[in-house]
Amino acid sequence: MLQSSWLGCKIIENKLFHKKPKDLTAVRKAQGSKQSSMASPAGLSCPTVPLRNGLHIPILGLGTSHDGGYSHEAIVYALTECGMRHIDTAQRYGCEEKLGKAIKESGITRSDLWLTNKLWPGDYGYNAAKKACLDSCSKMRTEYFDLYLMHWPASFRSGCSNREMRAETWRALEELYETGRCRAIGVSNFLIHHLEELKEDCSMMPHVNQVEYHPYQQPHCLIEYCHKEGIVFEGYSPLAKGQVLSDPTIRQIAEKHGRTPAQICIRWSVQNGVVTIPKSVKKNRIQENCQVFGFQLEEADMVALGNLHDGRHVTWDPTNVE
């Protein structure tokens, strides 16, 4: 079993819990069901992290994005040749319909997949959020999402404060969860004060918080808070948009293990118990990114990588969002 260091998150090797719920009762019953093995053509055996509702999210996923961050061939290849079963997308990326077609072409059964989607701030608000989720389901040809996230802590809609809009939107997600349209719900780019306000204003905490995470950006206090509140921490941009690949420390560790710098960074992330979402549209890179479960970093490696934190962001920085 993989060992999580400071995160304290339980990781389950070689299992994928995934059963399609038709309603909330089915979701609750599924919590006590046995986990099923995740078989794949390429033999990928991906550990999972348990959510507090009993579902298990694969610790490694494939991210998509806008501005050239989507490739039909790459998605099909990841699913059929690499055994990838966790796909992360967002309404903002504009590739929902294409992604739905790629999943259908792959022939992979829907219940064997973990699909995450994100709600764009332009559709925050109770009614708008529910409609956006249903529209996204329609575009992706799916009846439900395994995880549905609020994409950003600020709203792009006028008329009330960010806090009020977050609470109103979150109540819509809670209802989507209660009806089984979303098997789990969460947030992205939320900091501690955003989560604290949500805790005060709403009836349940997120299952997941997806935030920028790589050796240069390690929000320890936020991760500890999430762990305390039963929120699974998920990290995007694990390669810091390529900035880590030339780092001397990372290259030295990669050489020692006979691995690539990318594999070292992804392995470091998953070994810390963080659900990790690297992005690529290149088949060879996707295959490379999947090959991180056949070795383990030594304690000295983990310490060295942990010491690389300098607080830099390579993407959105939510620090000043009220």
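This is a predicted model: local features need pLDDT of at least 70, side-chain atom pairs count only at pLDDT 80 or more; totals for chains, interfaces and linings use all residues.
Biologist: How are helix 4 and helix 5 oriented to each other?

Modeller: Two packed helices are described by the angle between their axes and the distance between the axes. Here helix 4 (residues 126-139) and helix 5 (residues 162-178) have axes 8 Å apart, at an angle of about 45°. Angles under 35 degrees count as roughly parallel, and 65 to 115 as roughly perpendicular. Helix 4 and helix 5 are therefore oblique.

Biologist: Thanks! Which residues of helix 4 meet helix 5?

Modeller: On the helix 5 side, the contact takes in Glu-168, Thr-169, Arg-171, Ala-172, Leu-173, Glu-175 and Leu-176. By class, the contact has six nonpolar, one polar and four charged residues. From helix 4 come Tyr-126, Ala-129, Lys-130 and Cys-133.

Biologist: Nice. On to the cavities: which helix gives the largest share of the lining of the largest cavity?

Modeller: The largest cavity holds about 40 Å³ of space. Its lining is made up of Gly-61, Leu-62, Met-84, Pro-278, Ile-286, Asn-289 and Cys-290. Three of the lining residues, the largest share, come from helix 10 (residues 283-290).

Biologist: And how many charged residues line the second largest cavity?

Modeller: That cavity has a volume of about 30 Å³, and its lining includes Leu-62, Tyr-70, Ser-71 and Val-281. Strand 3 (62-63) and helix 2 (72-80) each supply at least two lining residues. By class, the lining has five nonpolar and five polar residues, and the charged count is: no charged residues.

Terms used: Residues are numbered from 1 along each chain as its sequence is written. Side-chain values use heavy atoms; hydrogens and water are left out. Axes are lines fitted to C-alpha atoms, for helices over the stretch in contact, and angles run from 0 to 180 degrees between N-to-C directions. Helices (H or I, at least four residues) and strands (E, at least two) are DSSP runs, numbered from the N terminus. Angles under 35 degrees count as roughly parallel, over 145 as roughly antiparallel, 65 to 115 as roughly perpendicular and the rest as oblique. Contact means heavy atoms within 4.5 Å. Ala, Val, Leu, Ile, Met, Phe, Trp, Tyr, Cys and Pro count as nonpolar, Asp, Glu, Lys and Arg as charged, and the others, Gly among them, as polar. On a 1 Å grid over the protein atoms alone, a cavity is a set of points where a 1.4 Å probe fits but cannot get out, and a pocket is an open set with protein on both sides within 12 Å along at least five of seven lines; lining residues have an atom within 4 Å of a point. Grid points are joined across faces, edges and corners, and a volume is the space filled by probe spheres set on the points.
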